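Take a look at the model below.

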Amino acid sequence: MTEEAKHKQTRSAGPLTYRGDSIPRTTTDQRLLDRRGPSDWVHTDPWRVLRIQSEVVEGFGLLSEMPSAVSVFGSARIQPGTPYYELGVQVGRKIAEAGYATVTGGGPGMMEAANKGAQEAGGLSVGLGIELPFEQNLNPYIDMGVTFRYFFVRKLMFVKYSQAFVVLPGGFGTLDELFEAATLVQTDKVTRFPVVLVGTEFWGGLEKWARESLLENGLIKPGDMDLLRMTDDPDEVVEIIKKAHLDIAHRENGSGEGAGPEQ
Ligand SMILES: C/C(=C\CNc1ncnc2c1ncn2[C@@H]1O[C@H](COP(=O)(O)O)[C@@H](O)[C@H]1O)CO
C-alpha cells in the first residue's frame, strides 16, 4: 500500500476515529474475545469504578420502593440482655408501630436489637450490611437485607432511603454516622431529616463538650445544637420524628399532607 493510501485509511471504534498509523492492529471485540491475559485488571481503579457503579445501581433498585423508613445506628458490640440492647429493641418496636420501616447496618449489638424490635412488632426490618475482613452474617431479625462492599455506597443508601436518623449508644462507627448526618443537615444537603440521639446519660457528655468546646469557640453556630435532639424515651423518639415530618410538610406545602409514613 502506498503511503498516501495508508493515510486515507479510517477506523471507527465507538466515539473514536483512527486514521493511518494510529489504527490499532486489533478491534475492541477481538481484544475482548480472543485473548485471555493476566487478570490484574480486576484490581485496577477503572474496574473498581464499575463495581461501585453497579453497587449504587443495585442499591437504588432494591431500596427505591421501600416505604418511609428510619435508620437506626448503634454499637456492634453491645450484648443481648443488657439495658442498652433492650432500649434498642424498644426503639425498633416503636418505629415499626409508627408505620416506618427500620433500617440498620444489619450487624450485631444495637443494630440487631432495633431489627428485633421492628420485626417482633410486625414492621419491615431492613439490614444494609457491609463486607468486613472477618466473617459476619446479617443478624437473624432482618426481612430484607443487602450487603455492600463499599462503606460510602452504603452510607448513601441510609441517607437516600430513610427520613430520619436515630442514634443509639455506640463507638467510632456510630459517631461517624452521627456526624455525617449532622453535617448533611447543617449544610442543608438534606432538608427533611430529624436526628435523634437515644440515651441521655451516654450522649450527655458529648452534648456538653459540643456546647463548651465547639459552640464557645465559634466552631458551630447556636442553632446547630438544635439539629440534634436527645431523649431516653422510645415513645418520644417517634414523636420527635413525626412532629419534624409534620413541620417539614407544613413548611413545604402549607399543610401536614405527606408527613409521616405511607399507611
Ligand atoms: C465489631 C463487630 C462486628 C462489626 N459488624 C458490623 N456490621 C455492620 N455494621 C457495622 C459493623 N460494625 C460497625 N458497623 C456500622 O457502624 C455502626 C457501629 O459501629 P460501632 O463502632 O460499633 O459503634 C453501626 O451503626 C453500623 O452501621 C463484632 O461482632
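**Around the ligand**

The residues of the shell around the ligand are 7 nonpolar, 11 polar and 2 charged. Here Ala, Val, Leu, Ile, Met, Phe, Trp, Tyr, Cys and Pro count as nonpolar, Asp, Glu, Lys and Arg as charged, and the others, Gly among them, as polar. The model is predicted: local features need pLDDT of at least 70, side-chain atom pairs count only at pLDDT 80 or more, and totals for chains, interfaces and linings use all residues. Residues are numbered from 1 along each chain as its sequence is written.

In total, 20 residues surround the ligand. A residue is near a molecule or strand if its C-beta atom, placed from the backbone, lies within 6 Å of it. The closest are Gly 105, Gly 107, Gly 170, Gly 171 and Gly 173. Strand 5 and helix 7 (172–186) each supply at least two residues of this shell. Helix 7 gives the largest share, 4 residues. Helices (H or I, at least four residues) and strands (E, at least two) are DSSP runs, numbered from the N terminus.

An open sheet is formed by 7 strands in the order 6-5-4-3-7-8-9, with parallel pairing. Two strands pair if DSSP finds at least two bridges between them. Strand 6 (144–148) and strand 9 (228–231) are the edge strands, and each pairs on one side only. On average, neighbouring strands of this sheet are turned by 25° against each other, direction ignored. Strand 7 (residues 164–167) pairs with strand 8 (residues 195–198) in the parallel sense, over 3 bridges. Val 166 has Val 196 in strand 8 as its bridge partner.

Helix 5 (residues 110–120) lies across strand 3 (69–73), strand 4 (101–104) and strand 5 (125–130). Helix 5 runs at about 165° to strand 4. Axes are lines fitted to C-alpha atoms, for helices over the stretch in contact, and angles run from 0 to 180 degrees between N-to-C directions. Why is helix 5 largely enclosed by the rest of the structure? Because 10 of its 11 residues are buried. A residue is buried if 20 or more other C-beta atoms lie within 10 Å of its own, exposed if 12 or fewer, and partly exposed in between, with C-beta atoms placed from the backbone. Among the buried residues of helix 5 are Met 110, Ala 114 and Gly 117. The buried residues of this helix pack against strand 3, helix 4, strand 4 and strand 5. Just after helix 5, Gly 122 takes a positive phi of about 85°.

The largest nonpolar core has 46 residues. Such a core is a set of buried Ala, Val, Leu, Ile, Met, Phe, Trp, Tyr and Cys residues joined through C-beta atoms within 7 Å. Helix 4 (residues 83–97) gives the most to this core, with 7 residues. Val 91 is one of the residues with the most contacts inside the core. Leaving aside neighbours within four places in sequence, Val 91 is in contact with residues including Ala 114, Gly 117 and Val 166. Contact means that two C-beta atoms, placed from the backbone, lie within 7 Å.

**Two loop residues**

Asp 188 is in the loop between helix 7 and strand 8. Asp 188 is exposed, because 7 other C-beta atoms lie within 10 Å. Its phi is positive, about 60°, although Asp 188 is not a glycine. Most residues other than glycine have a negative phi.

Gln 9 is in the loop between helix 1 (3–8) and strand 1 (10–13). Gln 9 is partly exposed, with 13 other C-beta atoms within 10 Å.
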